[in-house]
Amino acid sequence: MQGGTEAVRRVWRQLQDHDVPVSAFWLQDWVGQRKTAIGSQLWWNWEVDDDHYAGWKDLIRDLRRDGVRTMTYCNPCLVPMGEKGNARRHLYEEAKELGILVRDEAGEPYMMPNTAFDVAMLDFTNPEASSWFKGILRGMADEGVSGWMADFGEGLPLDARLHSGEDPVAAHNRYPELWARVNREFADEWKSEAGEEDGLVFFVRAGFRESSRWAMLFWEGDQMVSWQANDGIKSSVVGLLSGGLSGIPLNHSDAGGYCTVDLPLLRYRRSEELLMRWMEVNAFTVVFRTHEGNKPGSNCQFYSNSRTLAHFARCAKIYKAWEFYRVQLVKEAAEKGLPVARHLFLHYPEDRRVQKLTYQQFLVGTEMLVVPVLDKGRTAVTAYFPTSDGGSWRHVWTGEEFGGGHRSGHGSVGEATVHGFEAEVSADVGCPAVFVRVGSPVGERFVRNLRDLGVI
């Protein structure tokens with residue numbers, strides 16, 4: 001969330017009142033906010049804004065005392081800070097003086113338009129740029145920050161001049177790897193020095209072939225706050241599953257989406273229903289994280305009213321209930337590359353019906369099946385249950401079993417075969433269509449945890 005110290009403390013009290021399990025506050029506006037034509041944006045100068053977050057270290061300490069970490073935001077770009085009166089350091093000027101910025105053909109810092117302002121990029125083909133930026137990250141960690149969004153990385157200009165002298169076209173795809181590597185190297189160095197058992201965490205959105213070697217975690221960038229398939233809640237599931245098939249095993253999206261448009265003739269504003277349904281999807285991804293969006297005042301937020309807070313608490317507890325399995329799946333991802341959230345194709349590759357699935361449903365590991373509501377006004381979904389492995393699935397909320405007692409369809413086209421059946425399943429808000437394997441110790445423990453947390 002955003003808003004400054006008092007806003008965070010106020011919402012933290014609300015979350016406590018609603019018994020919401022929280023692991024971290026992610027405060028992207030720790031650097032201060034600037035109002036632009038895009039909406040509420042940030043000052044790209046990676047130091048805390050002491051006016052916006054007065055008592056920053058006290059806030060971090062107080063949250064940590066209650067078991068809640070603090071996360072921030074940064075990216076590999078910098079902007080001139082002449083318009084910001086309370087800046088202590090001018091990182092753009094420092095980087096320009098050190099000669100560690102990407103240059104244009106004239107040898108000057110390459111100023112690139114990015115949304116509503118121009119930015120310069122750090123040249124990570126220069127080892128001095130990496131060392132300098134690690135110093136920025138160290139300042140964050142030394143203040144008690146436990147992680148950050150390592151944003152952007154995809155925008156290296158194709159006509160830039162680089163310290164290494166390499167072709168910028170070839171370097172374009174390598175740059176996000178370098179960006180992730182800088183963050184990962186610092187996180188590993190800090191953990192080794194500090195002796196912290198759980199260390200730091202960062203998440204990126206841009207990548208290339210080597211990115212999973214360096215990035216701890218991915219998220220899918222900025223979806224529209226809409227029900228759309230091309231750039232909305234449906235696309236977040238497509239990205240989650242296609243990413244998992246492409247070597248990105250630990251991935252998630254902003255719960256509720258990000259991109260908001262609030263113009264007289266064109267409006268995309270996050271509704272309460274959309275936010276609640278997106279929370280239900282993301283309760284079954286590796287990270288359950290909210291975002292206010294680029295126009296927070298135009299969007300329904302998790303703290304907007306008692307209904308959204310109660311639903312947020314419910315989804316957070318659902319997410320917490322399978323933590324034991326998530327730990328296992330993250331280990332499996334590290335060892336084998338298998339994603340946490342999986343397209344059914346990974347386990348039912350010969351099933352012709354499975355081959356046609358896009359965003360309709362997904363597996364969590366092998367033991368949980370999620371069929372989310374992704375359309376406005378819907379309270380039921382059509383679930384497909386593959387039966388080639390002879391197993392059955394149990395509905396988490398009702399206990400109804402799907403498999404042995406239902407008729408399976410069989411057929412083939414070429415070498416592809418259908419072994420399964422469809423069923424219409426109720427999915428009211430708060431009770432998404434989630435199934436566990438019958439007889440699975442994972443499923444039994446998940447349901448038991450849901451009961452212990454008061455969700456069932």
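Reply: We may begin with a definition: the radius of gyration is taken over C-alpha atoms, and the globule rule is 2.2 Å times the number of residues to the power 0.38. Please keep in mind throughout that this is a predicted model.

Me: What radius of gyration does the chain have, and what would a compact globule have?

Reply: For 456 residues the rule gives a radius near 23 Å, and the chain has 23 Å, so the two agree. Along the principal axes, the C-alpha atoms fill a box of roughly 70 × 55 × 55 Å. Of the 456 residues, 55% count as buried.

Me: How should I read a pocket?

Reply: Rolling a probe the size of a water molecule over the atoms shows where empty space is left. In this structure, the second largest pocket has a volume of about 310 Å³.

Me: How many residues line the second largest pocket, and which lie nearest its centre?

Reply: Its lining consists of 20 residues, and those nearest the centre are Tyr-73, Asp-151, Phe-152, Asp-222 and Tyr-258. By class, the lining of this pocket divides into ten nonpolar, six polar and four charged residues. Strand E3 (residues 40-42) supplies the largest share of that lining, namely three residues.

Me: How should I read a salt bridge?

Reply: Side chains of opposite charge can pair when their charged atoms come close. A search of the whole structure finds 30 salt bridges. One of the pairs is Arg-138 with Glu-193, whose closest N and O atoms are 3.1 Å apart. Arg-138 lies in helix H4 (residues 127-142) and Glu-193 in helix H5 (residues 168-194), so this pair ties together parts that are 55 residues apart in sequence.

Me: Are Arg-138 and Glu-193 buried or exposed?

Reply: Arg-138 is partly exposed, with a relative accessible area of 27%. Glu-193 is exposed, at 54%.

Me: Which residue does Arg-205 meet in a salt bridge?

Reply: The side chain of Arg-205 meets that of Glu-154, at 2.5 Å from N to O. Arg-205 lies in the loop between strand E9 (201-204) and helix H6 (211-214), and Glu-154 in the loop between strand E8 (147-150) and H5, so the pair ties together parts that are 51 residues apart in sequence. Arg-205 is partly exposed, with a relative accessible area of 23%, and Glu-154 also counts as partly exposed, at 34%.

Me: Where do Glu-367 and Arg-437, another pair in a salt bridge, lie in the chain?

Reply: Their side chains meet at 3.7 Å, N to O. Glu-367 is in the loop between strand E15 (362-364) and strand E16 (368-371), and Arg-437 is in strand E22 (residues 433-437); the pair thus links distant parts of the chain, 70 residues apart. Glu-367 is buried, with a relative accessible area of 16%, and Arg-437 is buried at 15%. Elsewhere, salt bridges that share partners join Arg-9, Asp-58, Arg-61, Asp-62 and Arg-65 into one network.

Me: How should I read the surroundings of a single residue? Let us take Gly-256: where is this residue found, and which residues does it contact?

Reply: Gly-256 is found in the loop between strand E11 (251-252) and strand E12 (261-262). Gly-256 is buried, because its relative accessible area of 0% is under 20%. Leaving aside neighbours within four places in sequence, Gly-256 is in contact with Val-225, Arg-270, Leu-274, Leu-275 and Trp-278.

Me: Is Pro-176 buried or exposed, and which residues does it contact?

Reply: Pro-176, found in helix H5, is buried, with a relative accessible area of 4%. Apart from neighbours within four places in sequence, its contacts are Gly-153, Ala-206, Gly-207 and Ser-211.

Me: And which residues does Leu-245 touch?

Reply: Not counting residues up to four places away in sequence, Leu-245 touches His-343 and Leu-346. Leu-245 is found in helix H7 (residues 233-245) and is partly exposed, with a relative accessible area of 45%.

Technical notes
Residues are numbered from 1 along each chain as its sequence is written. This is a predicted model: local features need pLDDT of at least 70, side-chain atom pairs count only at pLDDT 80 or more; totals for chains, interfaces and linings use all residues. Side-chain values use heavy atoms; hydrogens and water are left out. On a 1 Å grid over the protein atoms alone, a cavity is a set of points where a 1.4 Å probe fits but cannot get out, and a pocket is an open set with protein on both sides within 12 Å along at least five of seven lines; lining residues have an atom within 4 Å of a point. Grid points are joined across faces, edges and corners, and a volume is the space filled by probe spheres set on the points. Helices (H or I, at least four residues) and strands (E, at least two) are DSSP runs, numbered from the N terminus. Ala, Val, Leu, Ile, Met, Phe, Trp, Tyr, Cys and Pro count as nonpolar, Asp, Glu, Lys and Arg as charged, and the others, Gly among them, as polar. A salt bridge is a side-chain nitrogen of Lys or Arg within 4 Å of a carboxyl oxygen of Asp or Glu. Buried means under 20% relative accessible area, exposed over 50%, partly exposed in between (1.4 Å probe, protein chains only). Contact means heavy atoms within 4.5 Å.
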